[in-house]
Amino acid sequence: MSCHFTQAQCHIDLAALVRNFRRCGAPEKLMPVLKSDAYGHGLLEVARSLGQAGAQRFAVGCASEGQALREAGFAQDILPLMPPMTEEEWSTVTRFRLIPLVCSFAELEKALAHADAAAPLPIAIKVETGMHRLGFREEEIPALITRLQASPQLVPSMVVSHCSCADIPARKANTAQQILCFSSMASTLCAAFPAMRRSLFNSAGTLDTASMCNICDVSRPGIILYGGNPFANTSEEALGADFEWVMSLSTTILQVTELRKGEGVSYGQIYVADRDMRLAVVAAGYATGVQRNLTHKLEALVHGHRVRAVGRICMNMTMFDVTDLPDVQAGDDVWLIGGPAAEGEHPVTAQEWAEKLGTISYEILCLLGSLNPRVYHS
């Protein structure tokens with residue numbers, strides 16, 4: 001029996017997930033990204049829904065996530081986006097027939113040490129095109145090809161890179177330069193190994209199809225699968241406007257109490273009532289991902305209407321002003337993200353939280369999904 005330490009729940013809409021996947025293009029041209037427990041949405045449940053929708057391959061964060069998929073019966077190609085480092089990780093890669101990411105000659109030698117000529121190991125080659133994190137530089141490609149051609153126990157199955165600015169329309173020149181660099185290196189590798197597939201684009205590149213230029217066989221949608229818009233608040237926001245948020249967050253009202261004019265609420269008494277008020281004390285706080293820096297910024301839906309939080313957010317509780325909603329009582333639902341909205345209202349989104357916190361929706365989703373029990377809806 002699992003033990004949860006919160007009354008909040010993440011609601012995961014698997015039907016919305018599948019609709020988002022289908023908006024990304026033909027399944028055979030996609031490698032949905034399921035890293036970090038599918039951005040907090042649940043690795044196995046997300047993989048199951050996408051597999052039923054036609055996904056032929058998955059990108060995960062590390063070898064252990066690939067192992068979890070294999071042990072759950074998934075037969076798709078699986079690419080961990082972080083290279084294996086330890087003997088245990090290499091053992092996991094070979095045992096569960098994952099596709100390891102090879103980013104350097106040192107890693108190539110490790111792949112050779114763990115490969116079996118009787119069952120050649122497929123590998124993905126990471127090339128450096130401008131992100132400057134991992135990968136072979138262009139001048140290393142000739143030596144890389146020579147080493148691979150002398151290593152029949154390895155099968156170069158994919159060449160991958162990653163765009164650093166694809167979600168920033170004002171930095172299209174950077175993306176164009178990366179495309180040129182990737183095209184050059186990928187063409188050289190594919191000439192030597194014709195079966196290799198090319199993968200460069202993330203969610204932003206998947207949406208901005210004009211940038212793909214026929215140099216990408218497989219794109220890797222991530223945040224758009226879960227409803228986020230990589231172009232939010234940019235000139236190209238419309239490209240991701242049709243995607244649906246998959247995660248909602250609800251909790252319960254513990255008590256409805258009075259706050260009289262002149263009284264303060266919560267730690268530090270940083271909020272003092274300028275009138276008589278009714279407050280809903282809600283079972284959620286920074287221990288469940290409702291970050292303390294959202295104090296005096298947070299809103300939620302109660303009975304379909306927006307209400308604002310007052311006073312400092314606590315570890316397990318947050319207070320909302322429900323003065324204008326006289327029927328609210330203990331036990332009622334509160335939707336901190338998503339949920340049913342009354343006419344003229346709209347739900348709070350992870351993007352809204354991100355903007356108030358000066359971060360991105362990816363961080364919000366990963367945090368909430370890791371700290372709260374998930375309930376799945378299809």
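A pocket is an open set of grid points, each fitting a 1.4 Å probe, with protein on both sides within 12 Å along at least five of seven lines. In this predicted model, the largest pocket has a volume of about 770 Å³.

**The largest pocket**

- The lining of the largest pocket consists of 32 residues. Those nearest the centre of the pocket are Lys35, Tyr39, His162, Asn202 and Tyr362.
- Three helices each supply at least two residues of this lining: helix H2 (35-39), helix H9 (203-207) and helix H11 (361-371).
- Sorted by class, the lining residues of the largest pocket comprise 14 nonpolar, 13 polar and five charged residues.
- Empty space of this kind is found by rolling a probe the size of a water molecule over the atoms.

**Lys35, an annotated position in the pocket lining**

- An unreviewed UniProt entry places the feature "modified residue: N6-(pyridoxal phosphate)lysine" at Lys35. Lys35 is also among the residues nearest the centre of the largest pocket.
- In the chain, Lys35 belongs to helix H2.
- Lys35 has a relative accessible area of 34% and is therefore partly exposed.
- Leaving aside residues up to four places away in sequence, Lys35 touches Ala59, Val60, Gly61, Glu65 and Leu81.

**Arg133 and Met315, annotated as "binding site"**

- The UniProt annotation "binding site", from an unreviewed entry, covers Arg133 and Met315. These positions are spread over 183 residues of sequence and are also spread in space, up to 36.0 Å between C-alpha atoms. From this set, Arg133 is taken into the lining of the largest cavity.
- Arg133 is found in the loop between strand E5 (121-126) and helix H7 (141-149). Its relative accessible area is 59%, so Arg133 is exposed.
- Apart from residues up to four places away in sequence, the contacts of Arg133 are Glu128 and His162. His162 is also one of the residues nearest the centre of the largest pocket.
- Met315 sits in the loop between strand E13 (305-310) and strand E14. Met315 counts as partly exposed because its relative accessibility is 43%.
- With residues up to four places away in sequence left out, Met315 touches Gly285, Tyr286, Ala287 and Thr288.

- Val328 touches Ile253, Val256, Arg278, Val302, His303 and Val322, not counting residues up to four places away in sequence.

**Salt bridges**

- The structure holds 13 salt bridges. Side chains of opposite charge can pair when their charged atoms come close.
- A salt bridge joins the side chains of Arg23 and Glu244, with an N to O distance of 3.0 Å. This pair links distant parts of the chain, 221 residues apart: Arg23 lies in helix H1 (residues 14-23), and Glu244 in the loop between helix H9 and strand E8 (247-259).
- Arg23 counts as partly exposed at 37% relative accessibility, and Glu244 is partly exposed with a relative accessible area of 22%.
- Arg275 and Asp274 form another salt bridge, in which the closest N and O atoms are 3.9 Å apart. Within this pair, Arg275 counts as partly exposed at 32% relative accessibility, whereas Asp274 counts as exposed at 55%.
- The side chains of Arg306 and Glu299 also meet in a salt bridge, at 2.8 Å from N to O. Salt bridges that share partners bring Glu299, Arg306, Glu352 and Lys356 together in one network.
- The cut-off for a buried residue is under 20% relative accessible area. Arg306 therefore counts as buried at 19% relative accessibility, while Glu299 counts as partly exposed at 27%.

Key. Residues numbered from 1 in each chain as written. Predicted model: local features only at pLDDT ≥ 70, side-chain atom pairs only at ≥ 80, totals over all residues. Heavy atoms only, no water. 1 Å grid on protein atoms, 1.4 Å probe; cavity = no way out; pocket = protein on both sides within 12 Å on 5 of 7 lines; lining within 4 Å. Points joined across faces, edges and corners; volume = space filled by probe spheres on them. Helix = DSSP H or I, 4+ residues; strand = E, 2+ residues; numbered from the N terminus. Nonpolar A, V, L, I, M, F, W, Y, C, P; charged D, E, K, R; others polar. UniProt positions renumbered as here; feature names shortened; annotations may be inferred. Buried < 20%, exposed > 50% of the residue type's maximum accessible area, 1.4 Å probe, protein only. Contact = heavy atoms within 4.5 Å. Salt bridge = Lys/Arg side-chain N within 4 Å of Asp/Glu carboxyl O.
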